[in-house]
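Here are a few notes to go with the chain. I start with one residue and then step back to the fold.

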Amino acid sequence: MQGVVTCWKCGKQTHVSSPAITALNTIDIEDGGTITDFSGFDVYSFPWETASAIMPKQFVEYGRKTRSIKRVFSKTEEYAYLGNVCEHCTSLQGNFFLYEEPDSPFLYESTTPLVMERVRLGNGDFVLPFNSITAQISPNTNILSRVSFAESDMVITDY
């Protein structure tokens, strides 16, 4: 999923991305529900560092090659993590800035338009651990109303 923010350091508009899954393409293999049933979110996005632990390596590498994603040291967090950097000045666009601030593009309350690129799975279903979903909300949110979709040439086969 992609959005645009103003870089905190250089002040220019920069593209940012977040791995995301929608309730449209999921089912809980134990209970039969969707991500929305479990969390209240119709789109669940998460930081790239989380993706590196739960998603296929091929997906994370695709993100690193096609987006401004790098492992960068955060002075605020005091450790290095895989995250978005400004495409102009390479400053880290921190996870709090992207997911928690009121004008964050990936915050459920945001009105920022987003584009979701559909990446296909080449070897059938992929099992994503639901225990990686740490947030829940009620009532359910409608993030999909501000998402447009783009088809990707990427097919993940290594999982």
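1. A cut-off first: a residue counts as buried when its relative accessible area is under 20%. The model here is a predicted one, so keep that in mind throughout. Serine 110 has a relative accessible area of 9%, so it falls in the buried class.

2. Where does serine 110 sit? You'll find it in the loop that links helix H4 (95-99) to strand E7 (114-121).

3. What does the side chain of serine 110 reach? If you set aside neighbours within four places in sequence, serine 110 has contacts with Ser104, Pro105 and Arg146.

4. Now the fold. The chain has four helices and eight strands, and from the N terminus the order reads β-β-β-α-β-α-α-β-β-α-β-β. Its radius of gyration is 15 Å, close to the 15 Å from the globule rule for 159 residues, so the chain is as compact as a globular protein of that length. The C-alpha trace spans about 45 × 35 × 30 Å along the principal axes.

5. Take the contacts between residues at least 6 apart in sequence: 65% of them join residues at least 24 apart.

6. Last, the surface and the charges. The accessible surface is about 9100 Å², with 50% of it belonging to carbon and sulfur atoms. There are 12 positive and 19 negative side chains, and the centres of these two sets are 12 Å apart.

Methods:
Residues numbered from 1 in each chain as written. Predicted model: local features only at pLDDT ≥ 70, side-chain atom pairs only at ≥ 80, totals over all residues. Heavy atoms only, no water. Helix = DSSP H or I, 4+ residues; strand = E, 2+ residues; numbered from the N terminus. Buried < 20%, exposed > 50% of the residue type's maximum accessible area, 1.4 Å probe, protein only. Contact = heavy atoms within 4.5 Å. Rg over C-alpha atoms; globule rule 2.2 N^0.38 Å. Areas by Shrake-Rupley, 256 points an atom, 1.4 Å probe, with all protein chains shown as cover. Lys, Arg positive; Asp, Glu negative; His and termini not counted. Charge placed at Lys NZ, Arg CZ, Asp CG, Glu CD.
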